[in-house]
Amino acid sequence: MTALFFQLFGGIGLFLMGMVLLTDGLKAVAGDALRGALVRFTGTPYKAFVSGALVTLMVQSSTATTVTLIGFVSAGLLTFPQAVGVVLGASLGTTGTGWMVSMLGLKVSLGFYALPLVGIGALLRLLTHGRWRSSGLALAGFGLIFVGIDHLQNGMQVLAGAFDLTALPSTGVIGHLTATVIGVFMTVVMQSSSAAVATTLTALHANVINFEQAASLVIGAAIGTTITGALVAIGGSVSAKRTALAHIVFNLTTGVFALALLPVLLEGLAMAQQQLGLDSGPVSLAVFHTTFIALGVMIFLPFSRPYARWIERWLPERGPRLARHLDDTLLQAPAVALESTRRALVNTALEIIDQLDKLLSSAVARVSEQERMEIKEALDKSQRFFAKIPPIADDEPLSHSRIAQLHAIDHLMRLYTRLGLNTTTRNVLAQPPLQGALKQCQETLELARQGLLGRASEDWLVQLEHQAQMLAELRRNERLAILRQTAGGNRTPFDALQALDAIRWLERVIYHTWRLSHYLAGNGSENGAIEAADQLDA
């Protein structure tokens with residue numbers, strides 16, 4: 001008996017370890033491409049669905065896709081309605097593991113022949129670098145999956161001789177609910193629906209359980225897989241909780257429907273076995289798994305936007321508006337965390353630009369204390385979050401991004417101080433001699449706003465630089481002219497200082513707007529000549 005349980009638990013452990021290694025290896029080999037595809041191809045719910053399904057098939061883990069998705073939504077890289085489509089795709093994509101196990105792992109005993117793959121993968125992991133090193137990890141994981149299935153098969157054959165689990169109730173409400181709860185428990189304990197499904201397929205193949213019991217176990221596994229996403233979302237942002245809730249509601253609803261329609265689904269499957277010559281064992285179970293998840297997708301996908309709005313009403317946004325995407329759970333992925341910080345800084349920059357434009361457009365407009373505090377809190381929170389992002393010395397793009405964001409924070413803090421426009425400077429700006437410079441400043445702020453929102457032409461940064469240089473030249477020329485007028489007695493020293501302060505205020509606003517736009521637009525420090533401009537006094 002001890003040997004039996006050792007073999008069963010060892011087989012499950014090997015399968016789980018193989019899945020972890022395969023997932024980690026594939027994510028490392030094609031991680032950036034997969035992340036880029038997940039973000040790029042999610043414009044509509046249907047595109048998001050296809051993206052989620054394909055990424056899950058690639059990494060062989062809906063949990064990995066969902067956890068990554070929660071990070072992207074928390075960082076603001078994906079909107080929540082887009083995330084709903086990816087969740088549906090991930091749920092369908094995870095059924096691919098069942099097909100792999102039933103078509104390859106159980107039809108042909110690959111455990112012995114997979115051992116060399118484990119050895120080759122381990123050597124690649126130890127002796128190579130870069131993508132080859134990650135490929136070795138994936139190859140070793142792929143081999144371990146089949147070694148684990150082989151041990152599971154041997155253990156299940158012994159279990160079939162020792163216990164007759166098929167004698168347990170498999171029909172009726174009680175029987176189906178019992179098997180479903182066991183499926184949920186298996187998935188929670190293993191932290192992998194793929195492992196639970198593989199164990200169920202192996203037990204069915206060894207005649208330890210009958211088909212109806214296996215079908216209920218698979219439904220339970222589909223429900224249980226939501227637990228990991230829920231655990232990740234605990235303590236996370238509202239976006240993370242929304243994504244986890246979307247996953248839970250979909251899988252739970254689909255599982256309940258599958259249980260309610262189980263007799264109909266089983267009857268349809270029996271007809272397919274007769275008409276199409278479908279295998280009545282593990283392959284049919286893989287078909288059943290894919291079918292009931294696909295039915296759930298067909299129900300939810302056309303209504304994904306109303307579904308997303310319903311969840312948004314259940315979980316409304318809370319906390320600071322400008323920095324709501326700064327979630328500490330993102331710190332485990334520095335690239336995503338940095339992008340989250342950049343977006344928070346962009347939101348803060350847009351708010352400051354709006355307030356500055358309001359000050360310049362009206363002689364009586366003021367920035368309220370509440371508005372100033374909101375901006376200051378966003379800047380402070382961004383700086384605290386930025387300081388907690390772990391540095392990655394050997395990742396040059398991330399290093400450039402960190403430096404760029406430090407520059408952006410510096411310019412935002414300086415631009416923030418310009419919100420305290422005093423009455424004297426405001427009156428001077430309203431005078432005819434400075435109307436041209438005032439209009440130029442307003443146009444620059446509008447260009448920066450459109451550029452940060454992604455609505456400006458491709459050369460908007462060049463235009464901003466040109467505007468900043470023009471106003472800097474104007475300040476120098478006006479300074480000389482005002483000083484000459486003062487020396488000639490045409491202007492009092494007091495009026496001259498006020499005029500110089502007003503022109504300098506406009507010039508600094510445009511300068512800091514240009515610089516923060518440069519760094520937040522993703523250019524970082526690629527242009528050394530432009531970065532050198534930050535050495536000027538502020």
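Predicted model: local features only at pLDDT ≥ 70, side-chain atom pairs only at ≥ 80, totals over all residues.

Residues are numbered from 1 along each chain as its sequence is written, and side-chain values use heavy atoms, with hydrogens and water left out.

Q: Why is Ile-145 called buried?
A: Buried means under 20% relative accessible area, exposed over 50%, and partly exposed in between (1.4 Å probe, protein chains only). Ile-145 has 0% relative accessibility, so Ile-145 counts as buried. Ile-145 sits in helix 7 (residues 130-162). Helices (H or I, at least four residues) are DSSP runs, numbered from the N terminus.

Q: How far apart are Ile-145 and Ala-198 in sequence and in space?
A: They are separated by 53 residues in sequence and by 9.8 Å in space, C-alpha to C-alpha.

Q: What makes Gly-52 buried?
A: The relative accessible area of Gly-52 is 0%, so Gly-52 is buried. Gly-52 belongs to helix 2 (residues 45-59). Gly-52 and Gly-85 are 33 residues apart in sequence, and their C-alpha atoms are 7.3 Å apart in space.

Q: Is Thr-202 buried or exposed, and how do you know?
A: Thr-202 is at 0% relative accessibility and therefore counts as buried. Its place is in helix 9. Ala-214 is twelve residues from Thr-202 in sequence and 9.9 Å away in space, C-alpha to C-alpha.

Q: Why is Asn-207 called exposed?
A: Its relative accessible area is 60%, so Asn-207 falls in the exposed class. Asn-207 lies in the loop between helix 9 (193-205) and helix 10 (211-224). Asn-207 is not a glycine, yet has a positive phi of about 60°.

Q: Why is helix 16 called roughly antiparallel to helix 17?
A: Two packed helices are described by the angle between their axes and the distance between the axes. The axes of helix 16 (residues 334-361) and helix 17 (residues 369-388) come within 10 Å and cross at roughly 160°. That makes the two helices roughly antiparallel. Angles under 35 degrees count as roughly parallel, over 145 as roughly antiparallel, 65 to 115 as roughly perpendicular and the rest as oblique. The axes are lines fitted to C-alpha atoms, for helices over the stretch in contact, and angles run from 0 to 180 degrees between N-to-C directions.

Q: What is the handedness of the crossing of helix 16 and helix 17?
A: The crossing is left-handed. That term applies if the near helix is turned anticlockwise from the far one by less than a right angle; clockwise would be right-handed.

Q: What makes Asp-410 and Arg-414 a salt bridge?
A: A salt bridge is a side-chain nitrogen of Lys or Arg within 4 Å of a carboxyl oxygen of Asp or Glu. The closest N and O atoms of Asp-410 and Arg-414 are 3.0 Å apart, and the pair forms a salt bridge. Both residues lie in helix 18 (residues 396-417), four residues apart, about one turn of the helix. Asp-410 is partly exposed at 34% relative accessibility, and Arg-414 is partly exposed at 35%.

Q: How do you know that Glu-473 forms a salt bridge with Arg-476?
A: Their closest N and O atoms are 2.8 Å apart. Both residues are in helix 21 (residues 460-487), three residues apart, about one turn of the helix. Glu-473 has a relative accessible area of 37%, so Glu-473 is partly exposed. Arg-476, at 43%, is also partly exposed.

Q: How many salt bridges does a search of the whole structure find?
A: The search finds eleven.

Q: What makes Val-188, Ile-227, Leu-231 and Ile-234 a nonpolar patch?
A: Patches are made of residues with over 30% relative accessible area and no salt bridge: like charges are joined within 9 Å, nonpolar side chains (Val, Leu, Ile, Met, Phe, Trp, Tyr) within 5 Å. These four residues form such a patch on the surface, with about 330 Å² of accessible area together. Accessible areas come from the Shrake-Rupley method with a 1.4 Å probe; for residues, only the protein chains shown count as cover. Leu-231, in helix 11 (residues 226-233), has a relative accessible area of 49% and is therefore partly exposed.
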